[in-house]
Amino acid sequence: MFKKLLTASALTLALASTQAHADKIVFAIGGSPQSLQGQTAKLFADKLQQRLGEAHQVEYYDSAQLGDERQLVQKMRLGTVDLAAISSIMSSISDDFALFDLPFLVQDRQHLLKIDEQIVMTKLASSAEARGLKVLSTWENGFRQITNNDRPINTPEDLKGLKIRTPQSEWRTMMFSQWGSNPTPMAFSEVFVGLQTGVVDGQENPLTNIEGAKLNEVQKYLSMTDHVYSPIWLMAGMGGWSKFPEEIQSAIHAAAKEAQQWSLSEGERMDKDLLVAFQAAGMTVNQADKASFIAASQPVYDHFAKQVPSGKQLVEQAIALGK
């Protein structure tokens with residue numbers, strides 16, 4: 001009788017544990033809470049919790065608490081993380097996403113929205129699904145700028161000899177190699193210490209990421225290049241997504257749409273405010289000669305067209321959407 005009671009008790013606890021896990025939606029990002037990525041993610045988590053009510057608990061983790069972006073992708077595929085915000089490493093998962101690693105492709109945020117609707121949510125989303133990932137929304141990460149501790153960067157020649165931290169993307173490293181620097185791929189969570197200790201001389205990121213991770217505190221020069229518009233994608237594992245009831249999927253889509261609209265508007269505002277703030281804090285700011293960078297970038301486009309089967313068509317379509 002005692003054994004039966006123990007067995008029944010254990011079964012009850014197991015069922016309760018399973019139900020508790022089923023009622024949780026685990027959402028994680030690699031970025032800091034102060035960054036625009038972190039602020040957008042927190043807004044999304046709060047909006048989603050409001051829509052779901054008490055029946056489900058949204059567990060949100062920032063600052064790579066559950067792993068960096070590569071680890072989060074694997075955890076989504078395994079089902080231990082339900083949702084994650086993933087950025088530059090997507091080009092290493094699917095070459096199609098390297099479209100957003102091409103320099104000077106995205107003109108502005110209105111152009112981005114057209115690319116999102118007609119390319120990301122169709123062709124790129126299909127490519128991601130073939131690799132076990134569901135693209136749910138495109139959020140602002142921002143136009144990327146270059147910082148370093150040696151000199152202002154006006155032309156690609158100014159990058160020669162500098163160790164520049166890049167995301168773990170072969171396309172971004174190719175770009176900076178083409179421009180003459182020594183690109184050093186590194187997880188974002190390691191960048192501050194890398195700059196502080198001199199492991200790398202500089203890095204490239206949107207102003208919101210620079211401020212969010214306090215990279216401006218260990219960098220002297222800020223060169224405004226706008227060389228890449230870097231989105232961040234809200235994603236789920238295909239297996240986990242298919243298990244969500246329709247009402248949860250709808251709530252996620254609705255909260256993600258609100259987060260997208262807010263992030264694009266806030267990103268534009270913060271770019272203006274942060275530029276003023278960085279200058280006031282003592283950073284030396286210069287506007288780079290974009291024409292010289294564009295002229296030096298053609299080999300990157302040529303390689304994309306050769307390596308990615310649909311590369312030429314993707315580029316042509318993206319450029320046409322900006323006209």
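Predicted model: local features only at pLDDT ≥ 70, side-chain atom pairs only at ≥ 80, totals over all residues.
What volume does the largest cavity have? Okay, back to the question. The largest cavity comes out at about 310 Å³.

So what's around that space? The lining is made of 22 residues, and those nearest the centre of the cavity are Glu-69, Ser-87, Arg-165, Ala-187 and Phe-188.

How many cavities of 30 Å³ or more turn up in the whole structure? Three of them. Two elements to look for are α4, residues 90-93, and β9, residues 229-237, each with at least two lining residues. Which one gives the largest share? That's β9, with three residues. By class, we get five nonpolar residues, four polar and two charged around the second largest cavity.

Around the second largest pocket you'll find Leu-113, Asp-116, Glu-117 and Met-121, then Leu-136, Ser-137 and Thr-138, and finally His-253, Ala-256, Lys-257 and Gln-260. The elements that put two or more residues into that lining are α5 (109-129), β4 (133-148) and α10 (246-280). The lining of this pocket splits into four nonpolar, four polar and three charged residues.

Arg-109 and Asp-271 form a salt bridge through their side chains, at 3.0 Å from N to O. Arg-109 sits in helix α5 and Asp-271 in helix α10, so this pair ties together distant parts of the chain, 162 residues apart. Across the whole structure, the search finds 15 salt bridges.

Next, a pair of helices further along. Packed helices are described by two things, the angle between their axes and the distance between the axes. For α12, residues 298-307, and α13, residues 311-320, the angle is about 125 degrees and the axes are 6 Å apart. The two helices are therefore oblique to each other. Which residues make the contact? On the α12 side, Tyr-301, Phe-304 and Ala-305, and on the α13 side, Gly-311, Lys-312, Leu-314 and Val-315. Of the residues in this contact, five are nonpolar, one is polar and one is charged.

Phe-104 isn't a glycine, yet its phi is positive, near 60 degrees. You'll see Phe-104 in the loop between α4 and α5. Lys-214 also has a positive phi, about 60 degrees, and again this is not a glycine. For Lys-214, go to the loop between α8 (207-212) and β8 (221-224).

Terms used:
Residues numbered from 1 in each chain as written. Heavy atoms only, no water. Axes fitted to C-alpha atoms, helices over the stretch in contact; angles between N-to-C directions. Helix = DSSP H or I, 4+ residues; strand = E, 2+ residues; numbered from the N terminus. Parallel < 35°, antiparallel > 145°, perpendicular 65-115°, else oblique. Contact = heavy atoms within 4.5 Å. Nonpolar A, V, L, I, M, F, W, Y, C, P; charged D, E, K, R; others polar. 1 Å grid on protein atoms, 1.4 Å probe; cavity = no way out; pocket = protein on both sides within 12 Å on 5 of 7 lines; lining within 4 Å. Salt bridge = Lys/Arg side-chain N within 4 Å of Asp/Glu carboxyl O. Points joined across faces, edges and corners; volume = space filled by probe spheres on them.
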